[in-house]
Amino acid sequence: MKYDFTSILDRHNMDSIAVDPPLGTPMAANFMGDSNATNKEGFDLIPMWVADMNFPTVPTIPAAIIERASHPAYGYFFPRKEYFNEIIKWQETRNDVKGLTAECIGYENGVIGGVVSALNVYCSKGDNVLLHSPTYIGFTKGLENNGYNIVHSPLVKDENGIWRMDYEDMEKKIVENKIHATVFCSPHNPCGRVWEREEIEKAMEIFKKHDVYVVSDEIWSDIILNGYKHIPTQSVSEDARMRTVALYAPSKTFNLAGLVGSYHIIYSKYLRERVLKESSLAHLTI
Ligand SMILES: Cc1ncc(COP(=O)(O)O)c(C=O)c1O
């Protein structure tokens, strides 16, 4: 399979808020911070405010979409058996996940939708939720819009300039603010850290000790530099497996964000059934 990472893709007039933002609208102000950001004659905007890829997706994806789209009926549907089988295979091949079954996987309309559904299960409105800072803006907006109070634990640079979690600060904030829910971003956006196993283990021990339920956003786990390995949060212990809702998506790695499709992995039957119930409140069909 040949990938094209070097051609410059012209995305104008192809449904892209990255290169054709709706300037002058509240939406632009909301996303870009400046609703009237304009580009000078002869210059392009560099869309650093949005994590959209500027390379073409892998050719098998448009081929499969075109094949399906050529059948002229687009009715209600449930994901097929192949959907679950491919996720199971992907997780086993890439992340060494063993024993994942279809019932633990669920379709989500976007990772942030899944984050909010999980928090709605873990929390009451107004609850304090622990996040590391700097924080991905989608978490900030998603949590604030849904009535949660974010408590930040700043990441700190070690002597080698590597961003690390401050476990002492995390524990202090959890206790002081009676926190029972956290959003853990792995790999971390925006720091780009691929957390090492020991780091995740240490964080999960603190969460266990203080009964903190975890949403683990692993949307970036497939796009990692050579020499690094993604460790799924749920894989570090049996307790981590059962106290975590994990969220994944092909949207970043394969430039598919506009197709929205994401998925959760939830091993705890209780959490799974509560999250499915929460998602069903929007009356989506799947
Ligand atoms: C850490 C993280 N989570 C979630 C998202 C957005 O996911 P979705 O569009 O599926 O809600 C992004 C997008 O940049 C992200 O960086």
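The largest nonpolar core has 51 residues, and V115, L119, V129 and V215 touch the most other members. Such a core is a set of buried Ala, Val, Leu, Ile, Met, Phe, Trp, Tyr and Cys residues joined through C-beta atoms within 7 Å. Buried means 20 or more other C-beta atoms within 10 Å of the residue's own, exposed means 12 or fewer, and partly exposed is in between, with C-beta atoms placed from the backbone. Elements giving two or more residues to this core include α4 (111–122), β2 (128–133), β6 (181–185) and β7 (213–217). Color α4 separately: its 8 residues are the largest share.

This is a predicted model, in which local features need pLDDT of at least 70, side-chain atom pairs count only at pLDDT 80 or more, and totals for chains, interfaces and linings use all residues. Residues are numbered from 1 along each chain as its sequence is written.

Now select L119. Leaving out residues up to four places away in sequence, L119 touches V129, N146, Y148, A181 and V215; a contact here is a pair of C-beta atoms, placed from the backbone, within 7 Å.

Next, show the ligand. Its shell has 14 residues, the closest being A51, G110, V111, I112 and N189, where a residue counts if its C-beta atom, placed from the backbone, lies within 6 Å. By class the shell holds 8 nonpolar, 5 polar and 1 charged residues. Nonpolar covers Ala, Val, Leu, Ile, Met, Phe, Trp, Tyr, Cys and Pro; charged covers Asp, Glu, Lys and Arg; the others, Gly among them, are polar.

Time for the backbone. Most residues other than glycine have a negative phi, and most peptide bonds are trans. Where do you find P134? Look in the loop between β2 and α5. The bond from S133 to P134 is cis, with omega near 5 degrees. Another cis bond joins S186 and P187, at about -10 degrees, and P187 sits in the loop between β6 and α7.

Then move to D211, in the loop between α7 and β7, where phi is positive, near 55 degrees. Is D211 buried or exposed? D211 counts as exposed because it has 11 C-beta neighbours inside 10 Å. V260, between β8 and β9 (261–265), also has a positive phi, about 70 degrees.

Finally, zoom out: helices (DSSP H or I, at least four residues) and strands (E, at least two) are numbered from the N terminus, and the chain has 9 of each.

Conventions
Two residues are in contact if their C-beta atoms, placed from the backbone, lie within 7 Å.
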